[in-house]
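Biologist: Could you walk me through this one? I have not looked at it before.

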Amino acid sequence: MDKHSTNKTLDECLSLRDGHLWIEEQDTTALMSEFGSPLFVVSEDQLRRNIRSFQEAFSQGWTDGPVKVMPAAKASWSKAIQRIIADEGCGADIYSPGELDVCLNAGIDPQFISVNGVPKTEAHIRRTIEVGARLTIDSLEDVEMLERVTQELGKTAYVRIRLRPVLTDFNEPSDFVAEGLIPTDIAALGYKGGLSFDEVMSYAPKLMDMEHVEVVGFHEHHGRHSRTVNYWREQMRAYAQEMGKVCEALGAFQPKEIDIGGGFAIPRDPFNAATDYNAPRDLRWLNSISKFMKSVAPSKRYPTLQKIIDSVVGKPNEIMAPTIMEYADVITSTLKQELPAAGIDPTGITLQLEPGRSMHGNTGIHLATIQALKSAQAPIAWSHAISDTTEFWFTGGRYEHHLHDYIVANKADHTYTEKFDICGRSCYGDRLMPAIMVPKLEVGDIFAFLDTGAYQEVSCSNFNAMPRPATILVKGDQAHVIRRAETLEEVFHRDIVPEHLNA
Ligand SMILES: Cc1ncc(COP(=O)(O)O)c(C=O)c1O
């Protein structure tokens, strides 16, 4: 594999030097020696580069008004990461009271915090209004609570209406549905976020008339149904038309803010790669042959099935996603064309975007140590390398069928000749990387999962009472712990044994 040749740059923050994987100016094997295994590692400079790329690309295209990058806090909400985001002058997309708190404490300007999500509590809505953040209306219940809270506080609430434009012209299969059988326009209707035109019109006139409410614009987020720019072109066309319809129905309303949500793919795009490699086709074949050969003696049957199993190789996606510039170009040019056609003057409108996976994904890697090797020879040859991490620390990615690109960090220049399942340490099968090619492995080797910066660390759980690993922030040749490893004591911290069980 070309990517494993000695001394080369893999991307803006990862490189191979003398057979080791480096992140910025840090040898990952040295990080493991210093901080222990396993580890989440994040590059501060890559995060800053990503923020600036989004800001520059969208500002080049959106010349009618300001552009505000508001990264999705849910993708990576630690205090240090949010400090970097504040320092770069970004806003934030937040979902929960906890995310609102961490963003405010980090110093993010509340007027650029988009409080999204459904359902919301009255307390959350109250705090949103008190601090002057933007409230995204995503249900009738939001409106009822908003009315009560604004009357009580007597303070202006700045709200945006979340739409769910119908993607009538994009019926390519949605990647969100792993099997890929559902057209995107239909799959998007099944997503709970957003409101249909009729739902919006059932409350929007009342919203416009509320004493302490200022409707400042619109919001939409469809997510990563497809990595293509065509998907974005259709989203923006449909969004502009839907906004136009609502504006007209509300009597020539003009938005000041248009938020397009997130859903841009990570450059190496691990999304759904686990369902996309050649396994499903070959494994269906395996199933049929196995049934057909049921009465054949195992000594003949298994060598035949072995040939099919040997042909299955787990390969991370090799098609790079469009660049941020390509996304920005399509999005801004479509909006500039479609908004006036829909009766909305773009002049002065702030364009807001909420990238999550694409902002954080390639800022992070996860490092784990191989702790046991098993190689069965019969009746089918099958090799397992068992690491000290687990799929329970990859929950966000498992949910989205990620197959991460990877490197054996201490053998980056070796030839990848052996096929192994890289497994985790939980009592489940924990088949993190099925049937991938690796160099000859030894206990102690360091396995690096790439692009783990979004949704992974924040969705770690304590299955098998496992304490969660630490996160290290790398800046140049400096490394800092930004979330220390959990202790076993902390795992049981919330447990209470009732008196009668203590007897
Ligand atoms: C409202 C909103 N904005 C932005 C995002 C970020 O999406 P992504 O990580 O796909 O960019 C999400 C993710 O669920 C979301 O719900």
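Modeller: We can go through the ligand, the sheet and the helices in turn. Keep in mind that this is a predicted model.

Biologist: Ligand first, then. How many residues surround the ligand, and which are the closest?

Modeller: The ligand is surrounded by 16 residues. The closest are Ala 72, Gly 262, Glu 354, Gly 356 and Arg 357.

Biologist: How does that shell divide into nonpolar, polar and charged?

Modeller: Eight residues of the shell are polar, four are nonpolar and four are charged.

Biologist: On to the sheet. In what order do the strands come?

Modeller: The order is E6-E13-E12-E11-E10-E9-E8-E7. These eight strands form an open sheet, and the pairing is parallel.

Biologist: Which strands stand at the edges?

Modeller: Strand E6 (67–69) and strand E7 (92–94). Each has a single partner strand, so one side of each is left without a neighbour in the sheet. On average, neighbouring strands of this sheet are turned by 30° against each other, direction ignored.

Biologist: Take E11 and E12. How many bridges join them?

Modeller: Three bridges join E11 (residues 213–219) to E12 (residues 257–259). Phe 218 stands opposite Ile 258 in E12.

Biologist: Which strands does helix H4 lie across?

Modeller: H4 (residues 97–106) lies across E7 and strand E8 (113–115). H4 runs at about 155° to E7.

Biologist: And H2 with H13: at what angle do their axes cross?

Modeller: Roughly 35°, and the axes come within 8 Å. The crossing is right-handed.

Biologist: Which residues make the contact?

Modeller: Among them are Phe 54 and Phe 58 of H2, and Met 325 and Ala 328 of H13. The residues of this contact divide into six nonpolar, five polar and one charged.

Definitions and conventions. Residues are numbered from 1 along each chain as its sequence is written. This is a predicted model: local features need pLDDT of at least 70, side-chain atom pairs count only at pLDDT 80 or more; totals for chains, interfaces and linings use all residues. A residue is near a molecule or strand if its C-beta atom, placed from the backbone, lies within 6 Å of it. Ala, Val, Leu, Ile, Met, Phe, Trp, Tyr, Cys and Pro count as nonpolar, Asp, Glu, Lys and Arg as charged, and the others, Gly among them, as polar. Two strands pair if DSSP finds at least two bridges between them. Helices (H or I, at least four residues) and strands (E, at least two) are DSSP runs, numbered from the N terminus. Axes are lines fitted to C-alpha atoms, for helices over the stretch in contact, and angles run from 0 to 180 degrees between N-to-C directions. Two residues are in contact if their C-beta atoms, placed from the backbone, lie within 7 Å. A crossing is left-handed if the near helix is turned anticlockwise from the far one by less than a right angle, and right-handed if clockwise.
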